[in-house]
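Work through the exercises below with the sequence and the model open. Each task is followed by a solution in steps.

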Amino acid sequence: MKSVLSIQDLSCVGRCSLTVALPVLSAMGCRCSVLPTAVLSTHTGFPNPKIVPLTEHISGIGDHIAQIGASFDAVTVGYLAGPDQAAAILPLLRYYRSQGSLIIVDPAMGDHGRLYSGLNGEHVQAMTALCREADILLPNVTEAALLTGNDYQEVPEEDYLSALTEAALQLPGSAVVITGVSGKDGTIGFCGAEKHTGPFSYRTEVVPKQFHGTGDLFAAVFTGAVLAGRSVCQAATAAADFVRTCVAGTPNVTPYGVEFERQLPQLISFFQD
Ligand code: PXL
């Protein structure tokens, strides 16, 4: 059975981060271990969440996980509550990279041209350092712009996307997938490139509803699909289609996020022993 270590926050209410990664990766047949970097009463899309950072515990938890010899086919990183958290997980990422784990980083920092509430420029720098340890990067357009020092375009031009992809590929990783790319023609999709196979892109008709946590859902399905042997582009396509189905199947836009639960049986097709 494939195994994943998912490093991100645990938001008690509001589907995102670990409450998405665990069920999705389990449905896809992966043993999913977690390193919660913070506990939040809700994600930051609800007003005034209680945030309990676990920053000073990250290295102790990571050391013990490594010490018992736990191995992972993939180690994934998502939302972190501050720059010191990014610094705290760096040694663990380097260790698992040296052990041959595939490192997938979704530098979850913002959307629609703005940083998430409570994050700042220092966070962007720390996340950029973390992205240098990744094999595969999964930024949205906002995050790709922040990582590469470019301006943000809400409806990005083709040249702009090529420049963002090219700039993100200058980081040491082997592939980048830029998610949530809106087109003028009522489409949404992703674009990206693998260093050894070149660029790719995918568009599908947009379902005009915005939710928290869809990037986390994309990252979880993507990870499971890559571990099931799909190429980066195939895995991203499966993830984009799954997110679209979940968004379309959620009648009301609320901060509780998308109703992915009833779609989980679709993911069983990736299940491998
Ligand atoms: O979905 C990204 C995310 C994850 N975790 C927390 C968040 C957000 C986005 O706002 O607040 C706590």
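Rings of Phe, Tyr and Trp (its six-membered ring) count as a pair if their centres lie within 6.5 Å. The model used here is predicted.

**Exercise 1. Count the aromatic pairs by this rule, then classify the pair formed by Y79 and Y116.**

Step 1. The rule gives eight aromatic pairs.

Step 2. Y79 and Y116 are one of these pairs, with 6.3 Å centre to centre and 50° between the planes.

Step 3. Planes under 30 degrees apart would be stacked and over 60 edge-to-face, with the rest tilted. The pair of Y79 and Y116 is therefore tilted, given the 50° between its planes.

Step 4. Locate both rings. Y79 is in the loop between β4 (74-77) and α3 (83-98), and Y116 is in the loop between β7 (114-115) and α4 (121-131), so the pair ties together parts 37 residues apart in sequence.

Step 5. Compare the accessibility classes. Y79 has a relative accessible area of 10% and is buried, whereas Y116, at 24%, is partly exposed.

**Exercise 2. Which residues do ring pairs link into a cluster?**

Solution. The cluster consists of F190, F200, Y202, F218 and F222.

**Exercise 3. S17 and N48 each have a positive phi. Where does each lie, and is each buried or exposed?**

Step 1. Start from the expectation: most residues other than glycine have a negative phi.

Step 2. Take S17. Its phi is near 45°, and S17 belongs to helix α1 (residues 17-27). With a relative accessible area of 1%, S17 is buried.

Step 3. Take N48. Its phi is about 50°, and it is not a glycine either. N48 sits in the loop between β2 (30-42) and β3 (51-53). N48 is exposed, at a relative accessible area of 74%.

**Exercise 4. Describe the largest nonpolar core, and list the contacts of Y96 outside its sequence neighbourhood.**

Step 1. The largest nonpolar core has 45 residues. Those with the most contacts inside it are I7, Y96 and L130.

Step 2. Helix α3 contributes the most to this core, namely six residues.

Step 3. Leave out residues up to four places away from Y96 in sequence. Y96 then touches I65, A66, A70, S71, F72, V75, S101 and I103.

Step 4. Look for a further core. A second, separate one has 43 residues, among them L217, V226, A228 and V232.

Definitions and conventions
Residues are numbered from 1 along each chain as its sequence is written. This is a predicted model: local features need pLDDT of at least 70, side-chain atom pairs count only at pLDDT 80 or more; totals for chains, interfaces and linings use all residues. Side-chain values use heavy atoms; hydrogens and water are left out. Helices (H or I, at least four residues) and strands (E, at least two) are DSSP runs, numbered from the N terminus. Buried means under 20% relative accessible area, exposed over 50%, partly exposed in between (1.4 Å probe, protein chains only). A nonpolar core is a set of buried Ala, Val, Leu, Ile, Met, Phe, Trp, Tyr and Cys residues joined through side-chain atoms within 4.5 Å. Contact means heavy atoms within 4.5 Å.
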